[in-house]
Amino acid sequence: MKNIDNRKYIIALIFTLIPLIFIVRLFYMQVVDDKWKERAAQISENKVITYPARGIVYDRNNTKLIANEVYYDIEVIPNQTENPDSVTLAGLLGISLEEYTEQMNKARHHSKIKSSVIVKQMPPDEFAMIAPDMYKFPGFYEVERTLRVYPKPIAPHVLGYMSEVDSGDIKRDSWYRSGDMIGKSGIEKSYEKVLRGKKGVKYYLQDAVGRETGRYEGGEYDTLAEQGDNIYISLDAELQEYGERLMHNKRGSIVAIEPSSGEILAMISSPSYDPNLLVGRRLGQNFGKLQQDTLIPLYNRAAQAKYLPGSTFKLLMALIAMQERVIDSTATFACDKSLVGCHNHPTARGVSDGVKMSCNPYFYQVTRRIIQQGKHKSHFKDAAVGLDIWADYLYSFGLHKGLKTDLPAVESGFIPNTDFYNNHFPSESNPYGEFRWAFSTIYSNAIGQGEVLLTSLELANVAAIMANRGWFYYPHFIREIEGGTVPDVYKTRQHTKVDPEKFSPVIDGMWRVVHEPGGTARRARVDSLDICGKTGTAENFKIYNGKRYQLKDHSIFIAFAPRDNPKIAISVYIENSGFGGTWAAPIASLMIEKYINGDVKDKRKEDRILEADLMPIEIMNYKKNR
Amino acid sequence: MRGKSEKIWSDVDWTIVLIYLILVSLGVSNIYSAVYNPENPGLFNLQTEHGKQIMWIGVSMFLGLIIMFLDGSLIRQASFWIYGVIILMLVVVLFMPAINGAHSWFAIGSFGIQPSELGKLGVALALSAHLANSPPAKTRMSPSISLSYLTHLFRVNWKTLVILGIPAILVLLQPDAGTFIIFTSFILVLYREGHAGNALLFLVIAIIIAVITLIVADTTFMLPFLKIKMGGKVGIVIALLIMALIFLLLIRYVVLKRNRPPLYRALIGSLIVAILFVNFIEWGYSTFLDDHQKTRIDLVLGKIEDPDGEGYNINRAKAAIGSGGFSGKGYQQATLANAHQKHVPMQSTDFIFCTWSEERGFIGSFFLVLLYTILLIKIVSVAERQRSTYTRIYAYCVAGIFFYHFMINVGMAIGLAPVIGIPLPLFSYGGSQVLAFSLLLFILIKLDSERKIVLQ
Ligand SMILES: [Zn+2]
């Protein structure tokens, strides 16, 4: 019996052991492990994100370039619906019965107690039609959303477009959730963080079927959505619009910069498209079409296309040679056509003459003196050292190294250096090699025809440097951020390696290009505007099936005006259209006149450009065949 | 008369009374919080659950008072009569209309009573009477796995089995599996009284082995250091062999030589039985259970989670308890376990522990667990101070019933026990259980208060 009496201790032990296990478990669940708190929040709270309106984008004259428009998403909470008549409802929502069924199945699959979108981005007028009947369908309700609208159908390459975030965007920035919109290009992308604003959050308590039963903690943790900051960009909407009209039926680009600030006044890439084509639901319909268009309208030629600069490059040769003291402003070289081809003209006496007449042999000689400075006995070594000096000067003009523009996809041009000819040219597998080349091998670069490539933006920046006599700001669009500041990089002057006084003879030549008989750009003349410019004509060809076809020259012009206190610097590049003076120069002058005077006097000049169809023939054929 | 009245109250165990009062009042306040409806705020509104609970507590306490004025011997003598009446009720209730698929209610208007709750009381009384009157277990045969031992066991215990079996089967017919399981709590009493041998210990060990087997049976793991991959079942068998080896060494060096042979035999026998049992459990699990049942077992064992399907209830319950944190969300601040949100199902009855733990946090849940533990230990100590065998057995019956309810209800809410719908004694909403547990306790208090004058 004694033995059996001891059993009370075993019973007492069990009676304390089990509660002890419970207490350990409870301590773990309630105090240590946060998992259940998260689960509880997921179960009992409904976090509703309120989306802010995006910041508005204005041009330099406070004209709206990008604004917001209200749309309606129709959403459903499957558990709250009361067997709606699918046919009626699908008809009301303006979708097919199949689509309605599919969307409803998706919604049910996603969550029975959380909302899913049934119809996206219903325009306000369509919603107004169905709004009175919505009450008949419990569980279905509208959610206000804003989408971008572009009041003027201009500058799509600058302004950019928006689309739903992809998985990469969400990975990069946890701010985004699936279905959010994000700027995918242009200003929309560059200033995404400024424009997007702050999301608001409302915490609701919900019951087991997902109905709201009140605010969590009386709304203590709720935040309001804050609209994104408005920004003012440097674009002049009127000038941009005018430039786009001028570029109609032409392929190429225009970039205009205010030299004193580096602000980009216009950036036109043609062919173009209406930015409103890529808004909301239309994005899906149109993006593919634009992508497949053989005219590649989505491509921003102004910032991405690398072009031969042609004779415009001669300006830089003259400046570098004078700064290196291998010539002075009075240097005279005969037009020796055995060196390089030229047109007929009087002998260029001095740099100003050389620029005015755009004499190829003259700049052959000038550039040869930069590259072959005679500091080394070996002709080849001399060229190798000279080329890197030459390239360093060009880098200081912002070429090749990147202009830090506030557009997301900006390319840099190309300035060849010693390494390039030693190791990479003519081909990676069979380059010239060290000390195997000299100026005579690479002389085409002197007249902008060799391996040098510039973008239109770089060309315009060269024009701005000419206007400023030796310095520039990185070209940019941002002027003002409400509640923010313009990045310092756009407020810092960049100095070239050429002294200001060296610019005088070159600018003198540029003025004479436009104003004097025998100048190459008489068509660019506008009375009283003192336009200074330089034409360029770039030979080009295309290879089809191994055969080389000479194509029509690219027509190039860079300019600034007025000569003193310049207000605008510009580059115009018209592909496959002919001489620089024929098309690019008058287009540049029209842009300058429009910007400075607000209007163009010479309507015949304007009409000639507006009516010209300079689309390259091969492209025209494509167009017809499409 | 003054003397008599003094006698009634002088030896009452006020600790148990105090714990009772704390439990029922916390219970009411907790139900009030769980079902609180701002549009219908009255505390004594009989349309509400807390209102009904208060009414039932009142009825229970009134009956308790009457019990205090009865003579203890009357209760002892009436044991089988009470048992008989309750059995009758359990039979009649089977012919009542089904509510939620079970014939378990006598409904009177919006009030109802479940005779199955009273069934425990009936069994407790009858079992006490039976065991107290039967002669103490005489020459006990040493346990062995032989037919003669089993027939001996049956011969001694068949009346006990009948007393337990009739209400258990009747309850199962309703069907009410939860209450059926509670009837196994009487094993505790049988164990204490020497009628169940070491069956209780074997049962506990068997359950532990079974649970471990089910958890690890279909897993494989790497043996540390040896880089040998092995199945879970092999692991259990090896663990059992190692344990057997340890016991062997213990016997070899601790036990007197002449006592060793039977212990060796018992050890080897147990080892073989254990290994067979492991295989049997695994075989039974994979052969007899369908996927649905396997899923339920896996959910209970925590091998899988299915928050929106099979595991919905337990997921919500755990989230409610876990989110209470250290100090809780505050009174009437539960966001999961309240009648308004309905995230936790049956939060005023089976899952009442969730509301309490969500609003009162770990401090609250610790306090409540402690309260039940004190009550259980207190009842054991009350049992052990009795000179009356009847009272001692009855006290152990009460302790067993309370313990089972507490263990399964709280264990279920925190995911340590399967989901079995039984109330938390005196705390959950439910008139029948309040009545049954109150009567169980009041009878115990009454019998205990006579401990100095009753010898039987
Ligand atoms: Zn010439």
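Reader: What average pLDDT does chain A have?

Author: The model is predicted, and pLDDT stays under 50 over residues 619–626 of chain A. Yet 98% of the residues of the chain score at least 70, and the average pLDDT of chain A is 90.

Reader: Which arrangement do the four donor atoms around the zinc ion make?

Author: The protein donors are A:Cys335 (SG), A:Cys342 (SG), A:His345 (NE2) and A:Cys359 (SG), at 1.9 to 2.4 Å from the zinc ion. Four donors count as tetrahedral if all angles lie between 85 and 135 degrees. Here the angles are 100 to 122°, so the arrangement is tetrahedral.

Reader: How are the donor residues of the zinc ion spaced in sequence?

Author: A:His345 lies in the loop between β14 (332–333) and β15 (348–349) of chain A, whereas A:Cys359 lies in the loop between α15 (351–357) and α16 (360–371), 14 residues apart. Both residues are buried. The spacing of the donor residues is C-x6-C-x2-H-x13-C.

Reader: Which strands stand at the edges of the open sheet of three strands?

Author: The order in chain A is β1-β8-β9, with antiparallel pairing. Six bridges join β1(A) to β8 (residues 200–206), and A:Ile49 stands opposite A:Val201 in β8(A). Each edge strand has a single partner, so one side of each is left without a neighbour in the sheet; these strands are β1 (45–50) and β9 (212–215) of chain A.

Reader: Which helix packs on the sheet?

Author: The helix touches β1 and β8 of chain A, and its direction makes about 70° with that of β1(A). It is α3 (residues 35–44) of chain A.

Definitions and conventions: Residues numbered from 1 in each chain as written. Chains lettered and ligands numbered in written order. Predicted model: local features only at pLDDT ≥ 70, side-chain atom pairs only at ≥ 80, totals over all residues. Heavy atoms only, no water. Donors = N, O, S within 2.8 Å, 3.2 Å for Na, K, Ca; no water. Tetrahedral: all angles 85-135°; square planar, octahedral: opposite > 155°, others 65-115°. Helix = DSSP H or I, 4+ residues; strand = E, 2+ residues; numbered from the N terminus. Buried < 20%, exposed > 50% of the residue type's maximum accessible area, 1.4 Å probe, protein only. pLDDT = per-residue confidence, 0-100. Contact = heavy atoms within 4.5 Å. Pairing = 2+ DSSP bridges. Axes fitted to C-alpha atoms, helices over the stretch in contact; angles between N-to-C directions.
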